[in-house]
Amino acid sequence: LGTNATIADTDGDGVPDGLEVRAGLSPTVSNEGRDVDGDGVRDVDEVMRGTNPLVADAELGALVPRVEVVDDTDIGNGARCFRYTVTKLPMVATKEGRAPSVFTPAGANQFKLWFSWAPKDASFSVGEWASACAWARLDGEKRVPASLSLELERVAFGPPQDGSRQCAGETEALKR
């Protein structure tokens, strides 16, 4: 495929090569800022949210979350700690269903947060990827859990393939 086997993201667009290949995008041509299907959502955002960047989804344009760093603190040894807020997380109508190990009531939405980091001066570093997740659902007009704010500590994040961690809000949102 022409990728660089020593780094996770050959073209440096923020999406690991493997995810780009699975999504039908080139891992050697940056998709930074591109919207191949013209639906108003960048290809990178579509890959990260699990939608198809090659098929226009008219309703997605209005569903773009916003991430804002609210604190950037130097914690020594060249490391930084970031606090951020994510707003405009849309909830979409869903049907009742069953995942392999989880009953999902109608209205349930799972939100996945993905992060990558590497030393700032290491342009060829594989870096590290982590993800965390949260559940919420709509019960009529009521949001479950009711809190509009969720704080995740570093321990909530782990390797993206680690399905053993419980998602925030899962106990309340997935009650039958």
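How many disulfides does a search of the whole structure find? I found 1 disulfide (a pair of cysteine sulfur atoms within 2.5 Å) in the whole structure.

Before going further I noted that this is a predicted model, in which local features need pLDDT of at least 70 and side-chain atom pairs count only at pLDDT 80 or more, while totals for chains, interfaces and linings use all residues. Residues are numbered from 1 along each chain as its sequence is written, and side-chain values use heavy atoms, with hydrogens and water left out.

The disulfide is formed by Cys-133 and Cys-167, with their sulfur atoms 1.8 Å apart. I looked up the torsion about the S-S bond of Cys-133 and Cys-167, which is about -85°, so the disulfide is left-handed. The pair links distant parts of the chain, 34 residues apart, with Cys-133 in strand 6 (residues 128-139) and Cys-167 in the loop between strand 7 (142-144) and helix 3 (170-173); helices (H or I, at least four residues) and strands (E, at least two) are DSSP runs, numbered from the N terminus. Cys-133 and Cys-167 are both buried, meaning under 20% relative accessible area, where exposed is over 50% and partly exposed lies in between (1.4 Å probe, protein chains only).

Next I turned to Asp-71, which lies in strand 1 and counts as partly exposed because its relative accessibility is 31%. The C-alpha atoms of Asp-71 and Cys-81 are separated by 7.8 Å, the two residues being 10 residues apart along the chain.

Last I checked Val-55, which sits in the loop between helix 2 (43-49) and strand 1 (66-76) and, at 43% relative accessibility, counts as partly exposed.
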